[in-house]
Amino acid sequence: MANTFDLINLNIMSLKDFQDAELATNVMEKISQYGKDFIPNKYGLYQPLKNKYDAKSIDNVVKLWMNEENNINNRENLYLAGQVLMEKKGGHKVSYQIRWEKDNQARFNFFNLSVETVYLKNEKNYEKFLNLCNDLILLLEPVHGEIVNLSFKGWDAPKNLTVRHPELNWMVFFGRPYIDLFGKESLITAPCCSVHTLNENIIGMQLTENLFNPIPSSVRSSVKKYLGEEAFVEEGKSYRRYSSGKVPDFDFSNVLFDKKKPVVEPQIRNK
């Protein structure tokens, strides 16, 4: 049975340093600017979430994000990490997940915003959601990001950017490593619905007009052929089907425990 949900997700994979209290504060304040429809009412490390979220006092959330007490012990193992889960219940549901790690493996920090589809069927709500996504993208500076409709099959395919770019979903955000790989001109002239230049380091590619309709295979195929098929997974496949591909030169320096030690590359499993 397909693993599908009536949700729209913003997914961000970033090499920005998430062990940063100022960044954490800026993210929480940005969410608050979008009002009660997006402000969580519970937060914590694991489900079920038991801590009450207060948008006027976010210090405890930032503290959890930083995870300083646990990281005192983690440091002995050459490892640092933090995680925050937040959600809004009542009316439409909204949830957030932030996760960061520092060791010497090739890892990406992760941010997820999930919103019920029914809420976004309203035009004003839809516009507010897209604006929040853009603001979070600018703050978190992804190397890869996407807005994806979870009601369609394939959204949960495993990803590994160091092997191949994952499947193209409704909106794809290409960070600086991908702009350098493909070239700005190629990205902004790709055969898709529209392309948005957020700043010099982030380009958003919208594949189709309607977020709530499936993406035709022909659209995905055209973009991949235009940019270079060797950089992407084929439709219906994950990175695990490949041992190589055209990938950017990622800079992991901000997410390493020790910048002087070499990066440990992930083990590739083929199926």
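These legends accompany several views of one predicted protein model.

**View 1. Overall fold and dimensions of the protein chain.** The protein chain has eight helices and 10 strands, taken as DSSP runs (H or I of at least four residues for helices, E of at least two for strands). Its C-alpha atoms fill a box of roughly 50 × 50 × 40 Å along the principal axes.

View 2. Of the 271 residues, 48% count as buried, meaning under 20% relative accessible area with a 1.4 Å probe and protein chains only, while exposed means over 50% and partly exposed lies in between. Among contacts (heavy atoms within 4.5 Å) between residues at least 6 apart in sequence, 68% join residues at least 24 apart.

View 3. With a disulfide defined as a pair of cysteine sulfur atoms within 2.5 Å, the count comes to zero. The sulfur of C133 lies 16 Å from the closest cysteine sulfur, that of C193, and this is too far for a bond; C193 is likewise in no disulfide, its nearest cysteine sulfur being that of C192 at 7.1 Å. C133 is buried at 0% relative accessible area, whereas C193 is partly exposed at 35%.

Residues are numbered from 1 along each chain as its sequence is written, and side-chain values use heavy atoms, without hydrogens and water. Local features need pLDDT of at least 70 and side-chain atom pairs count only at pLDDT 80 or more, whereas totals for chains, interfaces and linings use all residues.
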